[in-house]
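The structure comes first, and the notes follow.

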Amino acid sequence: MTEIQSDSLRKLLHRILTTRPEELGCETCCEELGLLAELESRGEDAASLLPLVRLHLENCQSCNEEYSALLTALKEAQSTNPL
Ligand SMILES: [Zn+2]
């Protein structure tokens, strides 16, 4: 392996290892909450489409509560207005 390759591999590994769900800030998470709730209410695989947001929700109670409320509202809207 050349020096350049091992260096970029090290950087890639560093990025993977240092990326933690809690590093996604509540602000960023909030921006994606609506999208995540919409995907999930449609039965899409939201966890694999937006893994970081999903992980943040598991680690952050305030975002989780906001998300649950949003999801409940979306599901209610869908059940009263079926497509
Ligand atoms: Zn949060």
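## Arg10 and its partner

Arg10 is exposed, at a relative accessible area of 54%. The cut-offs are these: buried means under 20% relative accessible area, exposed over 50%, and partly exposed in between, with a 1.4 Å probe and protein chains only. Arg10 forms a salt bridge with Asp7, at 3.4 Å from N to O. A salt bridge here is a side-chain nitrogen of Lys or Arg within 4 Å of a carboxyl oxygen of Asp or Glu. Asp7 is partly exposed, at 29%.

Both residues sit in helix 1 (residues 3-18), three residues apart, or about one turn of the helix. Helices are DSSP runs of H or I with at least four residues, numbered from the N terminus. An α-helix has 3.6 residues a turn, so residues three or four places apart point the same way.

## Basis of the model

This is a predicted model: local features need pLDDT of at least 70, side-chain atom pairs count only at pLDDT 80 or more, and totals for chains, interfaces and linings use all residues. Residues are numbered from 1 along each chain as its sequence is written, and side-chain values use heavy atoms, with hydrogens and water left out.

## The other salt bridges

The count comes to three salt bridges. Side chains of opposite charge can pair when their charged atoms come close. Glu38 pairs with Arg42 at 2.7 Å, N to O. Glu38 is partly exposed, with a relative accessible area of 36%.

Glu40 pairs with Arg54, and their closest N and O atoms are 3.6 Å apart. This pair links distant parts of the chain: Glu40 lies in helix 2 (residues 26-41) and Arg54 in helix 4 (residues 51-59), 14 residues apart. Both are partly exposed: Glu40 at 25%, Arg54 at 22%.

## Two sides of helix 5

Helix 5 (residues 61-80) has 20 residues. From first C-alpha to last it reaches 29 Å, close to the 28 Å expected at 1.5 Å a residue. The expected span is 1.5 Å times one less than the number of residues.

Which residues of helix 5 are buried? They are Cys63, Tyr67 and Leu71. These three cover an arc of only 70° around the axis, so they lie on the same side of helix 5. The arc is taken from the directions from the helix axis to the C-beta atoms. The buried residues pack against helix 2 and helix 4, where contact means heavy atoms within 4.5 Å. On the other side of helix 5, the exposed residues are Gln61, Glu65, Glu76, Ser79 and Thr80.
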